[in-house]
Each structure stands twice: as structure tokens, then as C-alpha cells.
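Dear colleague,

I am passing on the structure we spoke about, and it is shown just below. My notes follow it, arranged by topic, so please read them with the model open beside you.

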Amino acid sequence: MRVGGVVLCGGRSSRMGQPKALLPFGEETLLQRVVRIVSEVLDPVAVVAAAEQELPILPDSVRIVRDEQEYAGPLAGMGLGLASLAADADAAYISACDVPLLRTDFVREMIARLGHHDAAVPRGEQFYHPLAGVYRTSLAGPIASLVTAGKLRPLHLIESSNTLAISLDDLRGADPALDSLRNLNTPEDYQHALRDSGISAELH
């Protein structure tokens, strides 16, 4: 089974003051870092961004997928990313661009658990983590149908597909602190991730 990677780029964050994809993280931006980590274990890799969204320089091998529609949320982006890889990959690990502490062991563990399922998604006690899951590229069509019907939440896909829910405790062997699920939603999150990576920088 060939597995690719999809990295979703959100727009400008009101809390961060600028697009997360462009936030510096050492000598890289957040997006560059996540793409590099994903590319270490997956091929091909696609980045999904809005039509006019500014992106940092990325490797030539990375596929840039532009969403020409008004932003409809992560599910629509997931569908575009999966569709862009469908000819070359059976499944894809999907990540947000703001998970700089993503571990390759976590990605490998998620892929290993997919089995015969349509998707494999981490689930905590109260909610799923859809942007840290593995999805068959064949789900691109069903996602497009959900989006057309106005069902825009990843949960709509998870509940309508043969999805394997993986408890967080079952993933700690690959990522003890579950850093692969740490999204940066506030300046404090950003500073903590920098510190935990041994990087010193300020959010401007």
C-alpha cells in the first residue's frame, strides 16, 4: 500500500496575527517544518491552501493544491488533498500545518493501524483528532458529496465511513507525550512548542 501525505494550511489566525503556515520555527516556517517531517516517511505529499494564500518556499516534489472556492473548512481541504493523490497513493496521512512536534513514529503507527478500514483516526475521551488520521484516497468522492450537501465537519465523514477509532493511550508507544496532536492555537502554545524544541523566538 502506498501512502502519501496531505498538509492543510489554515488562513490568518486572529490569535496569532498572521497565517500559521508562515510563522517562524527556527530556520523554517511551521509549514516547512511539518512538510519536511511528513516527507521523511510519505510520498507523494500535497499542501492544500486557499487560492490567494501566501506560502513559503517548499520542495519541488510537493504538490500545491489551491482551493478556488470560498473556505469551507477542513473537510473540503481533506477532500481536495486526497483527490490530488488518488492516482498515486492508496491512502494519505492528513495533518494540519501547525503541528511542529509531529513525530514520524506516530505517522507510521497510524498507517500501520489502517488495515481494511476506510480511515483510522485518534480519539480521546470526548472527541476525534481528524487532522491526525489516515484516510483512503477513495474517500475524495464521498467527501465532495458531503461538502455539496453542506455537511462540512470531518465528523460527518468519520461517522459515515468505516472508521477505526484509536484510543490515545494506544498511541503513546509511538509518541509518549502525544506531541503529534499539539496544535498551536494561541501565542502561548507557540512559545511552549518553541521552548520544548529548544528554539528561542518571539511572535511578532
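**Strand pairing around S8**

Strand S7 (residues 119-123) and strand S8 are antiparallel and are joined by 2 bridges, where helices (H or I, at least four residues) and strands (E, at least two) are DSSP runs numbered from the N terminus, and two strands pair if DSSP finds at least two bridges between them. This is a predicted model, in which local features need pLDDT of at least 70 and side-chain atom pairs count only at pLDDT 80 or more, while totals for chains, interfaces and linings use all residues. Residues are numbered from 1 along each chain as its sequence is written, and side-chain values use heavy atoms, with hydrogens and water left out.

S8 is largely enclosed by the rest of the structure, because 5 of its 5 residues are buried (under 20% relative accessible area with a 1.4 Å probe and protein chains only, exposed being over 50% and partly exposed in between). In a regular strand the side chains alternate between the two faces of the sheet. In S8 both faces are covered, with Ala-132, Val-134 and Arg-136 buried on one side and Gly-133 and Tyr-135 buried on the other.

**The nonpolar cores**

A nonpolar core is taken here as a set of buried Ala, Val, Leu, Ile, Met, Phe, Trp, Tyr and Cys residues joined through side-chain atoms within 4.5 Å. The largest one has 35 residues, of which Leu-31, Val-47 and Tyr-93 touch the most other members. Two or more residues of this core come from each of strand S1 (3-8), helix H1 (30-39), strand S4 (45-50), strand S6 (91-96), helix H3 (104-113) and strand S8 (132-136), and H1 gives the largest share, 5 residues. Contact means heavy atoms within 4.5 Å; setting aside neighbours within four places in sequence, Tyr-93 is in contact with residues including Val-6, Leu-42, Phe-106, Met-110 and Val-134. A second, separate core has 21 residues, among them Ala-46, Leu-75, Ala-92 and Ile-94.

**S4 and its neighbours**

S4 is mostly covered, with 5 of its 6 residues buried. S1 and S4 run parallel and are joined by 4 bridges, with Ala-46 of S4 as the partner of Val-6. S4 and S5 also run parallel, joined by 5 bridges, and Arg-66 in S5 is the partner of Ala-49.

**Asp-67 and the cysteines**

Asp-67 lies in strand S5 (residues 63-67). Which side chain of opposite charge is nearest to Asp-67? The nearest is Arg-66, 10 Å away, and Asp-67 is buried yet has no salt bridge (a side-chain nitrogen of Lys or Arg within 4 Å of a carboxyl oxygen of Asp or Glu; Lys and Arg count as positive and Asp and Glu as negative, with His and the chain ends not counted). Beyond its neighbours within four places in sequence, Asp-67 is in contact with Ala-49, Ala-50, Ala-51 and Leu-80.

The structure holds 0 disulfides, a disulfide being a pair of cysteine sulfur atoms within 2.5 Å. Cys-9 is in no disulfide, and its nearest cysteine sulfur, that of Cys-97, is 4.6 Å away. Cys-9 counts as buried at 8% relative accessibility, and Cys-97 is buried with a relative accessible area of 2%.

With best wishes
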